[in-house]
Structure formats: C-alpha cells, structure tokens
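Please keep the sequence and the three-dimensional view at hand while reading.

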Amino acid sequence: MSSLSLILKPLSIPTFISDNPNIKTFIFQRNIPPPCKSHCHTERGHQFDVGDTFFRSESATARDLGVLSAALYRNTTGSLRVLDAMCGCGIRSLRYLAEAEADFVVANDANENTRDIILGNLSRVASGSEEGKRWEVNHLPATRLLAECYLRKDYFDLIDVDSFGSGSSYLRVALDAVKLGGLLYITSTDGLSSGGHRPQQSLAAYGAYVRPLPYSNEIGLRMLIGGAVREASVLGYHVVPLFSYYSYHGPVFRVLLQVKRGKSLSSRYYGFISYCNRCGNTRAFSWNELGEISCPCSTNVKRSIVVSGPLWTGPLHSAPHLTEMMSLADQWGWFGDEEGKNLEKLLKQMIDESDPKLPVGYLNADEIASRAKLNLPPLSVIMNSLHEGGYAVSRSHIAPNAIKTDCPMVVCVKIVKHLQQAAEMSSCH
Ligand SMILES: C[S@@+](CC[C@H](N)C(=O)[O-])C[C@H]1O[C@@H](n2cnc3c(N)ncnc32)[C@H](O)[C@@H]1O
Ligand SMILES: [Zn+2]
C-alpha cells in the first residue's frame, strides 16, 4: 500500500480551493450536493462515466499524447508512478493505468463531489480499491498535494496538471515533486495572455511580457515552456519539451517536459522575440543582444518593432520522442479510424515542425497575401518554391493556414509574386 493513502486525507470541508488566499475560492456546500447524473463515454475502447465532472471529449488527443509518452517512459525506465493532480472524472488516470501500464496512479481532484465517479471508473479498469495497490483517490488542492509529496520525498515519474487558467502557480511545486528525469505534463488555457492582451498578467504568471503577435498561439506554448524553464532553473534543473500541443478548443496549450538535473548550459533558447510590423519579419534575440534589437527594413525601431519575452525560443518538440510515439501508436493500432488518422497527421506535422532550422513563429497565408497584394497559390506550391530556394519549411500544427519557414516574410512575398508572374506568363502562352 502506498504511504500516501495513509497521510493524505481529504480536506475536512469539501472545498475547491486555491492554496493562495488571494485567489477566488469556490465552495461546494456539503448539504446541497449537486445531483450526479450518469453520462457514459467511450475513449480508446474504455467505457467510463463523467457524471457532472468537467470533461471534454475534444481533449482525447491530449490524453492520447500523454499516454503514449507515459508508456514510452515506462518502457525505458521500467517503472511508472503517476500523479494526476486534476483528474476530473479520472479518465487520464484510467488510461495511464490501462494503456501505459502505470504501476501506481494518484487520482486527485479538489472537488470531493467527483469521488464516486472516479472510484467507479478506476475500479472498472484496474484491480484495487481505495486503499488498493495500483491507485488511490484524493481530494486536495493540487498545490498542497504536490507540496506534501515533496516533503515526504515521494517523487513521481509523471505529474499531469490539467489546470484551468495559466497553470503557472503549479509549476514550482510540480517540479519539486517530479523525479529527476521524470515528466511534467502541464496546461494553460490563458489565451488572452498569449494573444498579448494582458502583458501584466503574462509577466506575473510566466515572467514574460507578451505583446500581440501574428502567431500568438505558438507564443502561448513558448510562454508556458519559458515559465517552466525559469522555475526549473531556480531549483537547479532544466526542462526539455518532448512535445508541445495547441488545441483550439478552449484554447488549450499543453506541454510535456522532461525534467533534468543541472541548469541548462546556455540560455540560447530562452530569449526575446521581435516582430516588425513594417515588413513582417520575426527574429529571436538573446539577452546579450538586447541593445541591438532592430530590423533591416527600418531604422525607426520604436515605430515598427514589437518585442515579447523572455520566452522559450528553442524547438517545440523532440523529433526522436515524437517518432517513438508514432511507432507506438501504430503498434497499438491507433491509426485505423478517422480519429486515428488525425492523430497520425498531427504527429507527422509535429515531427516536421521539430526541424531545428525552423525559427520561432509562422507566416500566416492571409498576411503573405495582403503584403503581396494578390491571391495566393496553394500553400503546397509556395512550400515547394521555398524548398527549392534552400529554405527550411513545414506546416504548423497550430495554424492550418500558415507555414513555418526560415525564409523572411519579405523574401516570401517576393517568391509569391514571382510565382504569380510565372503563372500569368504560362497562361498567356
Ligand atoms: C480541466 S478539468 C480536468 C479534466 C481531466 N483531467 C480530463 O482529462 O478529463 C480540471 C479539474 O481540476 C479540478 N480542480 C480545479 N482546481 C483545482 C485545484 N486547485 N486542485 C485540484 N483540482 C482542482 C476541477 O474540479 C476539475 O475537475
Ligand atoms: Zn522590418
């Protein structure tokens, strides 16, 4: 039996609270429990009940990605203990147990009213009871649960924090409670901050001053990774993103990080991003280049350039890890149906996006078209031309109507105009 189950008791009043007294507290009153209706769902062949818990079937892909990474981790290390800090109905815990064959899962949700649903779902999939061998259920605020684990030196291989909002307040305690070499799966739903609409909020949450940029959803991922980089370095660790996943439902930004001992050798992937409104050029600047931020198109930097940061400026994913995820998903027969085809396409796009030559951001087709003042040919045609010109290029899993490339916007606009002229000439002949 895990020592955790003896120590961590639910709060005496059923509360859904933050550990921070300044943050709004929701209290579910004990004497009027919400009715728990039965709502059965199936995901990857597992039947489960979501009752009145917070559940989104659209997040199935995010769960697929987490489970694949967890299974790979278990295959490599031979063990897998998972802390599902905000488990809702327990679907992730269930899948970590059933598919990734976790040795032990702590399923936690601050809302005590989820208890019967979680217990019911987990007992279906894995032998055990509340005091059981492979899982247990808790109802503590995530910060407190994670802090207790840290204090007890009870470290986990995978900590999954599927939070609402910025999620940044869980970063430090989650890093404290994860094993070195272990995985941290974190979430942010703070689309306003990534859109640059609340720079003071992004500064408070992630230490990054974020301004509006044409690729704000990629910035959302970079802001989250950057926040984790900062928190990890305080503890003498560094983190490596194994994958980063943006989903427009929400929107939701998710990142799976591997936590490693030692500060990163260089801060080359933690810096500033400039975007020039005049020519559409994006550049990453390191800390020691701060005084040199400029754009070749203009000397009036103040008027044309928007700077955000510090943010993660390195690769969003690890291609070798994604490649292993692909082959495992294939081995599990996950690519067979329509849903599976989407997952396969997503993983392929993420692998393409991992090309280290690809810089921060992407070029939106609409922006290229409006700068070139013409209707664009299909993106595949533009991508071929960029390839032929020696540029790195890929689609973005974040924006279907965009391309990632190391070709500057100005050059891309010229290439598009050239393509148009060539098309006009060939239609004349
Ligand atoms: C996004 S939902 C989780 C969904 C679930 N992981 C899934 O994949 O279906 C977030 C959950 O966190 C719980 N929650 C909110 N604040 C919490 C806190 N401070 N500590 C622990 N759980 C919390 C909510 O009750 C809610 O069930
Ligand atoms: Zn410029």
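The chain has 15 helices and 17 strands, where helices (H or I, at least four residues) and strands (E, at least two) are DSSP runs numbered from the N terminus. This is a predicted model, in which local features need pLDDT of at least 70, side-chain atom pairs count only at pLDDT 80 or more, and totals for chains, interfaces and linings use all residues. Residues are numbered from 1 along each chain as its sequence is written, while chains are lettered from A and ligands numbered from 1 in the order in which they are written.

Confidence is expressed as pLDDT, the predictor's confidence in each residue, from 0 to 100. Its mean over the chain is 89, and 89% of the residues reach 70 or more. Over residues 1-17, however, the pLDDT is below 50, and this stretch has 35 contacts in the model beyond near neighbours in sequence; two residues are in contact if their C-beta atoms, placed from the backbone, lie within 7 Å. Residues 21-36 also stay under 50, with 18 contacts beyond four places in sequence. Where pLDDT is low, the predicted coordinates should not be read in detail.

Of the 429 residues of the chain, 45% count as buried. A residue is buried if 20 or more other C-beta atoms lie within 10 Å of its own, exposed if 12 or fewer, and partly exposed in between, with C-beta atoms placed from the backbone. Among contacts between residues at least 6 apart in sequence, 66% join residues at least 24 apart.

Strand 10 (residues 237-247) has 10 of its 11 residues buried. With strand 11 (residues 252-261) it pairs in the antiparallel sense over 10 bridges, two strands being paired if DSSP finds at least two bridges between them. The two strands form a hairpin with four residues between them, and Gly250 in the turn has a positive phi of about 130°. Within this pairing, His238 has Lys260 as its bridge partner, and Val239 stands opposite Val259. Strand 11 is mostly covered as well, with seven of its 10 residues buried. Strand 11 also pairs with strand 9 (residues 178-188), in the antiparallel sense over six bridges; there Leu183 stands opposite Gln258.

A further open sheet consists of three strands in the order 13-12-14, with antiparallel pairing. Strand 13 (282-285) and strand 14 (305-312) stand at the edges with a single partner strand each, so one side of each is left without a neighbour in the sheet. From one strand to the next, the twist averages 25°. Strand 12 (residues 270-276) is joined to strand 13 by four bridges, and Ser274 stands opposite Arg283 in strand 13. Helix 9 (residues 216-234) lies across strand 12 and strand 14, running at about 45° to strand 14; axes are lines fitted to C-alpha atoms, for helices over the stretch in contact, and angles run from 0 to 180 degrees between N-to-C directions.

Which residues are closest to ligand 1? They are Met86, Gly88, Ala110, Ala142 and Asp162, within a shell of 20 residues; a residue is near a molecule if its C-beta atom, placed from the backbone, lies within 6 Å of it. By class, this shell has 10 nonpolar, six polar and four charged residues, with Ala, Val, Leu, Ile, Met, Phe, Trp, Tyr, Cys and Pro counted as nonpolar, Asp, Glu, Lys and Arg as charged, and the others, Gly among them, as polar.
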